[in-house]
Amino acid sequence: MNDYVNKSDSSAKPVHMVDQSVAQIRNYVLNQYVKSTPRPQNAIDIFKGEWTSKLPTPYEDLEVGSTQLFEDPRISWAVEQFGGVNNKSILELGPLEGGHTYMLEHLGAESILSIEGNTRAYLKCLIIKEILGLKRAQFMCGDFIEYLRNADTKFDVAIASGVLYHMRNPVELIAMLSKVSDEMFIWTHYYDQEIISQNSLIPANKFGNCTISEYGGFKHELHRYEYDAALDWTGFCGGSDLFSNWMTREDILACVEHFGFSDIRINFDHPQHPNGPAFALSATRR
């Protein structure tokens, strides 16, 4: 008895190979179903092993990450600098898993438009929105740079935590934020050759050559940062290209001032951050 589906077709697969392939597809389809009692952990486990954040009470026992992004002192500090966010409209860039979004809503924000370009992070935000019952936050899936290029809406506050150092053109981001809000919070890594060269956790080949660039009349340095092996993790939530460009601390501060923010305050200055020197700033146009 012939073991092939079609004797005249030299490319035909053996019957047992076809059966195996069909079985694999069927198993894959059936594995998408959850057969246990509905509970929050079931939704969390859609992205099992990819979570960064630890959830707040009463969900702190869910198996997620360990980083306290739902109780982040950086956001508490930023809100304090702006005199609170009660009844204010917020633009949030790169929410990751909705931790800061949750904080902003609980601190009284009237509305939060949160834009996430990473599709897996976006879906995680929707899971968090459902589990924690967020009512005044809207998550949008897409590139916030493209949104800002066409934005005609003004916001009371712009939150850009953990996104500036993931940009190919970070000065463009600051310039566009200056057009949509008079109050801005940024937390970011920055480039400092001396500090980074002494950090054993950052491979020497992570950074390329320095280039001089100009945008909106602001001349500055850009230091190319390669993602390399970080792109091998399915939970990666960095920039949307193979590399980004880091700015120096001095250039970041000068850039914020160049685009009209006069009241600039600094906190969480962490030169020895394991992933590279970092700091936070609040900026207000007076």
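His 189 touches Tyr 165, Trp 246, Ile 252, His 273, Asn 275, Gly 276, Pro 277 and Ala 278, leaving out residues up to four places away in sequence; contact here means heavy atoms within 4.5 Å. The model is a predicted one, where local features need pLDDT of at least 70 and side-chain atom pairs count only at pLDDT 80 or more, while totals for chains, interfaces and linings use all residues. Residues are numbered from 1 along each chain as its sequence is written, and side-chain values use heavy atoms, with hydrogens and water left out.

His 189 sits in strand β5 (residues 183–189). Helices (H or I, at least four residues) and strands (E, at least two) are DSSP runs, numbered from the N terminus. With a relative accessible area of 4%, His 189 is buried, the cut-offs being under 20% for buried, over 50% for exposed and in between for partly exposed (1.4 Å probe, protein chains only). A polar atom of the His 189 side chain lies 2.8 Å from the backbone oxygen of Gly 276, and the side chain also reaches the backbone oxygen of Pro 277 at 3.4 Å.

Strand β5 also turns up among the packing partners of helix α9. In α9 (residues 249–258), the buried residues are Arg 249, Asp 251, Ile 252, Leu 253, Cys 255 and Val 256. They pack against α7 (170–180), β5, β7 (218–226), β9 (263–270) and β10 (278–284). Just after α9, Gly 260 takes a positive phi of about 105°.

The loop between α7 and β5 holds Ser 181, which counts as buried because its relative accessibility is 0%. A polar atom of its side chain lies 3.2 Å from the backbone oxygen of Asp 156. Setting aside neighbours within four places in sequence, Ser 181 is in contact with Lys 154, Phe 155, Asp 156, Val 157, Ala 158, Phe 261 and Arg 285.

As for the cysteines, the structure holds zero disulfides, a disulfide being a pair of cysteine sulfur atoms within 2.5 Å. For Cys 210, which is in no disulfide, the nearest cysteine sulfur is that of Cys 255, 15 Å away. Cys 210 is partly exposed at 38% relative accessibility, whereas Cys 125 is buried at 0%.

Notes. A polar contact is a pair of N or O atoms within 3.5 Å; within protein, one must be able to donate a hydrogen and the other to accept it, and residues adjacent in sequence count only if both atoms are side-chain atoms.
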